[in-house]
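Please read the points below alongside the sequence and the coordinates.

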Amino acid sequence: MLRFRTPLLHPFSLRFSASRQLGKVQARPFRSSIKMTSAKTVEHIVLFKVKEETEASKVSEMVNGLGSLLSLDTVLHLSVGPLLRNRSSSLTFTHMLHTRYKSKEDLQAYSAHPSHVTVVKENVLPIIDDIMAVDWVADGLSNLVPPPGSALRVSFLKLKEGAAGDEVLGVVRGIPENFKQISEFSFGENFSPGRAKGFSIASLAVFAGPTELEAVDSNQELVNYQKDKVRDQIDSVVVVDYVVPPPPPAQSASL
């Protein structure tokens, strides 16, 4: 988790001319393409809203600094970069960090590591207007490292007071059965409420690429059918799309 000592500003409308420039910043890669199976995996998602006036070089420093944390021993997977699409009108984020761990203790070790603390203080806090983070425990992931080019859809749900959380989780659990384009699916209850803005249920759907993700949206009748199952119990939703970036080009040796 990222720790902050300064208050965060409330979000405001994002101008897409600025986000277009931010989207050109190179994102940092995954650790490996080797497939692994894990009975329990801790998911850590952080969404950032970069200030509109931020220089591209500063955004690159943030992305590269966060990407460097991939070298920490407790990190199973790390990907960071600009969002493909923000589908939420009330919370307008520009970038996402996705990491995975074997345990909550490993996530805590990552959060407290001096390298992480330094990146947050020097490269993240000075250029962001807003942030939210959600953590949950996923069961039975067959691939801990989404391959480059994969499209991710991350959804956070805030329940109405008195809503049946178990019922909502049951509906979320059944999403892959209705959308066959999903190659991997992770969901669970948030266990770190401090910076989650009241959102308590999270899911992450992995697609082969943006084309498969867009195919889901084209089936609007089925999408609306799924939404109707929980509409009366949901207060608000955050949905963002993200594409896992390729690794940076290898550095050529000096002659």
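Strands S6 and S8 pair in the antiparallel sense, with seven bridges between them, and Phe 156 stands opposite Ala 202 of S8. Both strands belong to an open, antiparallel sheet of five strands, whose order is S3-S9-S6-S8-S7. The model is predicted, and the protein chain has an average pLDDT of 85, with 82% of the residues scoring at least 70.

**Sheet edges and the helix packed on the sheet**

- Strand S3 (85-86) and strand S7 stand at the edges of the sheet, and because each has a single partner strand, one side of each is left without a neighbour there.
- Helix H7, which spans residues 210-218, packs on the sheet and touches S3, S6, S8 and S9, while the direction of H7 makes about 40 degrees with that of S6.

**Helix H5 and its buried face**

- In helix H5 (residues 165-173), the buried residues are Gly 165, Val 168, Leu 169, Val 171 and Val 172.
- Viewed down the axis of H5, these buried residues fall within an arc of 160 degrees, so they line one face of the helix.

**Two buried loop positions**

- Val 75 lies in the loop between helix H2 (56-67) and strand S2 (77-82), and it counts as buried because its relative accessibility is 2%, under the 20% cut-off.
- The C-alpha atom of Val 75 is separated by 5.6 Å from that of Tyr 101, although the two residues are 26 residues apart along the chain.
- Ser 192 is found in the loop that runs between S7 and S8, where it is buried with a relative accessible area of 10%.
- The side chain of Ser 192 is joined to that of Asp 135 by a polar contact of 2.7 Å.

**Regions to read with caution**

- Over residues 1-35 the pLDDT stays under 50, and for this stretch the model has 103 contacts beyond four places in sequence.
- Over residues 251-255 the pLDDT likewise stays under 50, but here the model has zero contacts beyond four places in sequence.
- Where pLDDT is low, the predicted coordinates should not be read in detail.

Methods
Residues are numbered from 1 along each chain as its sequence is written. This is a predicted model: local features need pLDDT of at least 70, side-chain atom pairs count only at pLDDT 80 or more; totals for chains, interfaces and linings use all residues. Side-chain values use heavy atoms; hydrogens and water are left out. Helices (H or I, at least four residues) and strands (E, at least two) are DSSP runs, numbered from the N terminus. Buried means under 20% relative accessible area, exposed over 50%, partly exposed in between (1.4 Å probe, protein chains only). The arc is that of the directions from the helix axis to the C-beta atoms. A polar contact is a pair of N or O atoms within 3.5 Å; within protein, one must be able to donate a hydrogen and the other to accept it, and residues adjacent in sequence count only if both atoms are side-chain atoms. pLDDT is the predictor's confidence in each residue, from 0 to 100. Contact means heavy atoms within 4.5 Å. Two strands pair if DSSP finds at least two bridges between them. Axes are lines fitted to C-alpha atoms, for helices over the stretch in contact, and angles run from 0 to 180 degrees between N-to-C directions.
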